[in-house]
Amino acid sequence: MVLSAIVFVPLLLPLLYFILRPRPVNIPIKDRHVFITGGSSGIGLALAKQAASEGARVTLLARSLDKLEEARKSIRQAYGVDVSIFAADVRDFEAVNRAVIEAGPIDVLIVNHGIFLPQELDKQELDKVRLMIEVNLMGSFNVIKAVLPQMNNRKDKELPLSIALMSSQAGQVLCFNS
Ligand SMILES: NC(=O)c1ccc[n+]([C@@H]2O[C@H](COP(=O)([O-])OP(=O)(O)OC[C@H]3O[C@@H](n4cnc5c(N)ncnc54)[C@H](OP(=O)(O)O)[C@@H]3O)[C@@H](O)[C@H]2O)c1
C-alpha cells in the first residue's frame, strides 16, 4: 500500500498539473466593447491603444477628466478611432455603476486601475494603507459588481465575455528588511 502510494503520487501530480494547468484563452476583441479602468495612462492606456488598433470599441474610466481627454486625443491621433471616457472614482460604486450603464454592454472588462504608495510598513501611515485597499481592492470589487449583472443577463453569448484583473508580482513577494 505504502509502496504503491510512493509510486503513484509522483506520477499523479504531473498528470493533475497537465489537466489543471492554466492555459491562455483567446478572447476576440474586434468589434467588441473593451472597458478599461485606469485607462488614461500607463499600462491601461497602452492596452487601450492596442485594443483600438485591433478594432475594439474602447471605453476608459479614471478620475481625471483632463487625463482622459488627453488619452482620447492620443488614441484618435494614432489610430483615427474615438473612445468613450468616463470620469469616476472606483471607490464610488454609484458613479462607477452609472458609467457602466451609460457605456452599454461590456464584452471585455479590464480592471487595471491602481495606486501604489511604496513605503516600509513600519513607516507607512495607516491612512495610506487604507487608501490603497480602498482603491485597489474595494475599487475592483465595485467595478466588477457593477459589470457582472449586465454580463450575466446577456443573451448573445456566442463569444466569451471576459474580466481581467491587473496584478503585480509585489502581491506574490513578501519582503522583510531587518
Ligand atoms: N507600472 C508598473 O511597474 C506596475 C507593476 C505591477 C503592477 N502594476 C499595476 O498595473 C496597473 C496599472 O499601473 P500603471 O503603472 O499603468 O499605473 P498609472 O500609470 O499610475 O495609471 C493608473 C491609472 O489608474 C487610474 N486611477 C488611479 N486611482 C483611481 C481611482 N481611485 N479611480 C479610478 N481610476 C483611478 C489613474 O487615473 P486617475 O489618477 O486620473 O484616476 C490611471 O489611469 C495598476 O493596477 C498597477 O498596480 C503596475
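Let me start with a term: a residue is buried under 20% relative accessible area, exposed over 50%, and partly exposed in between, using a 1.4 Å probe and protein chains only. Take D31. At 64% relative accessibility, D31 counts as exposed. D31 sits in the loop between helix 1 and strand 1, residues 33-37. Helices (H or I, at least four residues) and strands (E, at least two) are DSSP runs, numbered from the N terminus. The backbone of D31 is worth a look: its phi is near 60°, a positive value in a residue other than glycine.

Some ground rules. This is a predicted model, where local features need pLDDT of at least 70 and side-chain atom pairs count only at pLDDT 80 or more, while totals for chains, interfaces and linings use all residues. Residues are numbered from 1 along each chain as its sequence is written, and side-chain values use heavy atoms, with hydrogens and water left out.

Now the ligand. Which residues come nearest to the ligand? Of the 21 around it, they are S40, I43, R63, S64 and N112. Here, near means that one of a residue's heavy atoms lies within 4 Å. By class, that shell holds seven nonpolar, 11 polar and three charged residues. Ala, Val, Leu, Ile, Met, Phe, Trp, Tyr, Cys and Pro count as nonpolar, Asp, Glu, Lys and Arg as charged, and the others, Gly among them, as polar.

Next, distances to ligand oxygens. From R63, a side-chain N or O atom is 2.8 Å from one. From S64, a polar backbone atom is 2.9 Å from one. From N112, a backbone N or O atom is 2.7 Å from one. The protein covers 72% of the 880 Å² of accessible area that the ligand has on its own. Areas come from the Shrake-Rupley method with a 1.4 Å probe; for residues, only the protein chains shown count as cover.

On to charges. Side chains of opposite charge can pair when their charged atoms come close. A salt bridge is a side-chain nitrogen of Lys or Arg within 4 Å of a carboxyl oxygen of Asp or Glu. How many salt bridges does that rule give? The count is nine.

Start with R32 and D107. Their closest N and O atoms are 3.6 Å apart. This pair links distant parts of the chain, 75 residues apart: R32 is in the loop between helix 1 and strand 1, and D107 is in the loop between helix 4 (93-103) and strand 4 (108-111). Both residues, R32 and D107, are buried.

Two other pairs. R91 bridges to D89 at 2.6 Å, N to O. R91 is partly exposed, at 37% relative accessible area. R76 bridges to D82 at 3.2 Å, N to O. R76 is partly exposed at 40%, and D82 is exposed at 51%. Bridges with shared partners also join R32, D107, R154 and D156 into one network.

Is T59 buried or exposed? T59 counts as buried because its relative accessibility is 0%. T59 lies in strand 2, residues 57-62. T59 and S41 are 18 residues apart in sequence and 13 Å apart in space, C-alpha to C-alpha.

Last, helix 1, residues 2-20, where F18 lies. F18 is exposed, at 51% relative accessible area. F18 belongs to a nonpolar surface patch with V9, L12, L13, L15, L16, I19 and L20, about 800 Å² of accessible area together. Patch residues have over 30% relative accessible area and no salt bridge; like charges are joined within 9 Å, nonpolar side chains (Val, Leu, Ile, Met, Phe, Trp, Tyr) within 5 Å.

Terms used. A polar contact is a pair of N or O atoms within 3.5 Å; within protein, one must be able to donate a hydrogen and the other to accept it, and residues adjacent in sequence count only if both atoms are side-chain atoms.
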